[in-house]
Amino acid sequence: MELSQIRLIEELAANAWRPEVEQHLGGWRARYSGGNSRRVNSVWPNAPLGAASLQEGVEWAEAFYDRRGVSPCFQLCPAAQPAELHQVLSERGYRFYAHTQVQVQSIATLLGITAPSVERAIAADTLTDTWFELYTSASGYSAESLPVRRGILSRIGPAAHFVSLHHAGQLSAVGLGVVERGWLGVFCVVTSPISRQQGLATGVMHALAEWGRQQNAEQIYLQVMEDNQPALSLYSKLGFTRLYQYYYAVKDGKDEKAHGDRPVYRKVGRDG
């Protein structure tokens with residue numbers, strides 16, 4: 001496993017899923033947006049701390065979240081620096097949860113094993129209300145979390161592509177693609193509960209891959225939680241393979257639900 005590739009994908013994913021507030025210490029990023037999305041409320045520690053010691057870095061991160069009245073949280077993966085960070089957090093009472101796979105596939109291969117959907121697809125390069133309504137309702141997100149989700153999806157820096165797929169005259173499936181440095185990141189692939197098991201998610205994936213190809217991307221990455229069997233099954237059928245795992249560390253034994261609003265419905269897609 002190449003750590004340089006993992007660091008690149010983690011950087012691309014961080015650029016696609018931006019927080020409202022971000023503070024840096026060396027290469028570490030402390031992120032905060034409020035709400036329940038884990039990624040934008042956790043430390044990204046995948047680059048050297050610079051002159052700061054590990055203890056100073058952890059204390060800096062804890063102070064950042066303490067000022068905001070939330071439990072300190074880190075997003076950890078094999079590229080986290082320094083290597084002993086997991087052990088140090090464990091000794092400080094952090095708990096580890098929300099294990100998530102990062103899977104990859106080539107665009108050429110995905111396009112070769114899928115076909116364009118026969119359903120009507122609409123695409124936009126910015127967030128639309130209809131796309132957002134289906135994404136949040138099909139995912140089961142609470143009303144309180146919607147402003148934070150909308151903010152995240154409105155702050156994407158690289159080129160973005162919001163795909164909406166219609167079935168039987170109704171908007172039934174959506175997905176998001178973000179392209180940067182030859183990689184297509186796939187996020188937020190969901191299907192409405194009444195339209196599942198009809199291949200619509202595969203249609204969304206094909207549309208996103210086709211757009212990625214047009215943007216000169218060659219590879220795809222996506223994130224899927226390890227307990228999301230429907231999504232794992234879909235991505236396996238589409239030829240995706242596991243590259244690495246990331247997970248979260250939260251302090252003080254507080255309920256991890258404070259750092260990730262789990263949907264009512266099982267969704268095909270990413271951890272927030």
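User: Buried means under 20% relative accessible area, exposed over 50% and partly exposed in between, with a 1.4 Å probe and protein chains only. Is Arg31 buried or exposed?

Analyst: Arg31 is buried, with a relative accessible area of 1%. This is a predicted model, in which local features need pLDDT of at least 70, side-chain atom pairs count only at pLDDT 80 or more, and totals for chains, interfaces and linings use all residues. Residues are numbered from 1 along each chain as its sequence is written, and side-chain values use heavy atoms, leaving out hydrogens and water.

User: Where does Arg31 lie?

Analyst: Arg31 belongs to strand β2, residues 28–32. Strands (E, at least two residues) and helices (H or I, at least four) are DSSP runs, numbered from the N terminus.

User: What does the side chain of Arg31 reach?

Analyst: The backbone oxygen of Ser42 is reached by the side chain of Arg31 at 2.9 Å. The side chain of Arg31 also makes a polar contact of 2.8 Å with the side chain of Gln75. A polar contact is a pair of N or O atoms within 3.5 Å; within protein, one must be able to donate a hydrogen and the other to accept it, and residues adjacent in sequence count only if both atoms are side-chain atoms.

User: And Gln75, is that buried or exposed?

Analyst: Gln75, found in strand β4 (residues 73–76), is buried, with a relative accessible area of 1%. The side chain of Gln75 also joins that of Glu10 in a polar contact of 3.0 Å.

User: Which residues is Gln75 in contact with, leaving aside neighbours within four places in sequence?

Analyst: Contact means heavy atoms within 4.5 Å. The partners of Gln75 include Glu10, Arg31, Arg39, Ser42 and Trp44, as well as Tyr246, Tyr247 and Tyr248.

User: Changing topic, how do the axes of α5 and α6 cross?

Analyst: The axes of helix α5 (residues 129–139) and helix α6 (residues 146–154) come within 12 Å and cross at roughly 125°. That makes α5 oblique to α6. Angles under 35 degrees count as roughly parallel, over 145 as roughly antiparallel, 65 to 115 as roughly perpendicular and the rest as oblique. Axes are lines fitted to C-alpha atoms, for helices over the stretch in contact, and angles run from 0 to 180 degrees between N-to-C directions.

User: Which residues make that contact?

Analyst: Asp129, Trp131, Phe132, Tyr135 and Thr136 of α5 meet Leu146, Arg149, Arg150 and Leu153 of α6.

User: Is Thr136 buried or exposed?

Analyst: Thr136 is buried, with a relative accessible area of 6%.
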